[in-house]
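Open the model in your viewer and get ready to select side chains.

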Amino acid sequence: RILDLIEQKADAFERAVNESVKAIPGSVELITHAADHLRQAVCSGASRRDIDLMLGKLNLLGHFKTIVSADDVAKSKPDPQSYALAVQKISLAPGDCVAIEDTAAGIASARGAGLWTLGLTSTSDRATLCDAHRVLDTLEGVTVEQIRSWF
């Protein structure tokens, strides 16, 4: 019964994404621009199926060297395991990485793995993201150069 419910949920999510998926304002532009300058990874508590679906719909699949999903780790966020694995896979030191996160659990995970954190108020308020090294309301107009200067 549980496996059937999981499959139904996945199918419903796919229908919802196909009907209307909207990127966080400024995110597609930043990801596209950063692809020429940085190694990028996705580190998500979602399944690989859901991540691939979303990235495919936004035409962003080819921009990420590494994708770490809930399928890849034993413990999900706020545990640092997913970020530690992502950093290992892109062959960088944690202190050379910035995680852009919109949840307190994501920020805790990234910080626990030693990454710099940029909180984004797309789904949480500033108070919830207070443990991030920096918090923004939007990614619109944010550049790789700005991120480098902040961290």
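Is lysine 9 buried or exposed? Select lysine 9: at 51% relative accessibility, the residue counts as exposed. The scale runs from buried (under 20% relative accessible area) through partly exposed (in between) to exposed (over 50%), with a 1.4 Å probe and protein chains only.

A note before going on. This is a predicted model, where local features need pLDDT of at least 70, side-chain atom pairs count only at pLDDT 80 or more, and totals for chains, interfaces and linings use all residues. Residues are numbered from 1 along each chain as its sequence is written, and side-chain values use heavy atoms, with hydrogens and water left out.

Aspartate 50 forms a salt bridge with lysine 9, with the closest N and O atoms 3.5 Å apart. A salt bridge here is a side-chain nitrogen of Lys or Arg within 4 Å of a carboxyl oxygen of Asp or Glu. Aspartate 50 sits in helix H3 and lysine 9 in helix H1, 41 residues apart. Helices are DSSP runs (H or I, at least four residues), numbered from the N terminus. Aspartate 50 is buried, at 8%.

Next, select glutamate 7 and arginine 49. Their closest N and O atoms are 3.3 Å apart, in another salt bridge. Glutamate 7 lies in H1 (residues 2-19) and arginine 49 in H3 (residues 48-57), so this pair ties together parts 42 residues apart in sequence. Glutamate 7 is partly exposed at 40%; arginine 49 is too, at 35%.

Last stop: aspartate 52 and arginine 48, a salt bridge at 2.9 Å. Both are in helix H3, 4 residues apart, so about one helical turn separates them.

The whole structure holds 5 salt bridges.

Conventions: Helix = DSSP H or I, 4+ residues; strand = E, 2+ residues; numbered from the N terminus.
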